[in-house]
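This briefing sets out selected features of the structure shown below. The points are grouped by topic.

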Amino acid sequence: MAVVSHDLRNPLGAIRASAELLTRLPSSSQCSDGVTKAADTIRRAATSMASMLDDLLDIERIETGQLPISTRPHQAGALVHDGLELLRPLAEERGITLRVDTDIAADTMVSCDRDRIRQVFSNLVGNAIKFCQPGDTISVRLDRGRDTVVFIVGDTGPGIAPEDLPHVFDRYWQARERARHGVGLGLAITKGIVEAHGGVVRVQSELGRGTAFSFELPMA
């Protein structure tokens, strides 16, 4: 998997660079709007492919117990805001409210790999944005335990069928009606990242009333 991913990155990088160059052509050039739009489509597709390669590598590392985790103390609330920064414009564009509810003290610290936890939020909140409708709400809440902080990502979306709940963390698995959204690795990677931190990820859902994913991180 590592060899294949490495070999694919070289031509993929060339595609992305060429597409980026086309989108930056000056307006006075002979490049039509159609070509510019096509180049932007190529660039976004190549970026998506690169993300898929990263996911495949992460799954391979998780399965072999070699997922790199570098833990340091981080402020719990800052992790949430950092994780949601890039997702908020997407939620607003789709008419979805993204809210943070926390009473956690500003000095509450957790021990984690910041980049990996940002990846967890990207997967959980990104999934919620995909399946929620305009007018829905996605909320992130923090609860303080005895020696952990629990992060809860809830939404008012369509929910998950009871028969599907046991499978949501399976690799490459998706409910049939959701098969058009990605390849089914995000939640499996989320589970691997959280477990690599010594935590547990859980899900609760009810059809028509929304879904809540929660995961815990050890206090620093």
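Strand β6 (residues 201–206) pairs with β7 in the antiparallel sense over six bridges; strands are DSSP runs of E with at least two residues, helices are runs of H or I with at least four residues, and both are numbered from the N terminus. Two strands count as paired if DSSP finds at least two bridges between them. The model is predicted: local features need pLDDT of at least 70, side-chain atom pairs count only at pLDDT 80 or more, and totals for chains, interfaces and linings use all residues. Residues are numbered from 1 along each chain as its sequence is written, and side-chain values use heavy atoms, with hydrogens and water left out.

**The β6–β7 hairpin**

- R202 stands opposite S214 in β7.
- Three residues lie between the strands of the β6 and β7 hairpin, in which G208 takes a positive phi near 80°.

**Aromatic pairs**

- Rings of Phe, Tyr and Trp (its six-membered ring) pair if their centres lie within 6.5 Å; planes under 30 degrees apart count as stacked, over 60 as edge-to-face and the rest as tilted.
- By this rule there are four aromatic pairs.
- One of them joins F121 and F215 edge-to-face, at 5.6 Å centre to centre and with 70° between the planes.
- This pair links distant parts of the chain, as F121 belongs to helix α5 (residues 114–131) and F215 to strand β7 (residues 210–218), 94 residues apart.
- Both F121 and F215 are buried, where buried means under 20% relative accessible area, exposed over 50%, and partly exposed in between (1.4 Å probe, protein chains only).
- F151 and F215 form a stacked pair, 5.0 Å centre to centre with 5° between the planes.
- Because F151 lies in strand β5 (residues 148–155) and F215 in strand β7, the pair ties together parts that are 64 residues apart in sequence.
- F151 is buried, as is F215.
- One aromatic cluster is formed by F121, F151 and F215.

**Helix α6**

- T190 is found in helix α6 (residues 186–196).
- T190 counts as buried because its relative accessibility is 0%.
- Leaving aside neighbours within four places in sequence, T190 is in contact (heavy atoms within 4.5 Å) with V120, N123, L124 and V201.

**Helix α2**

- V35 is found in helix α2 (residues 33–63).
- With a relative accessible area of 37%, V35 is partly exposed.
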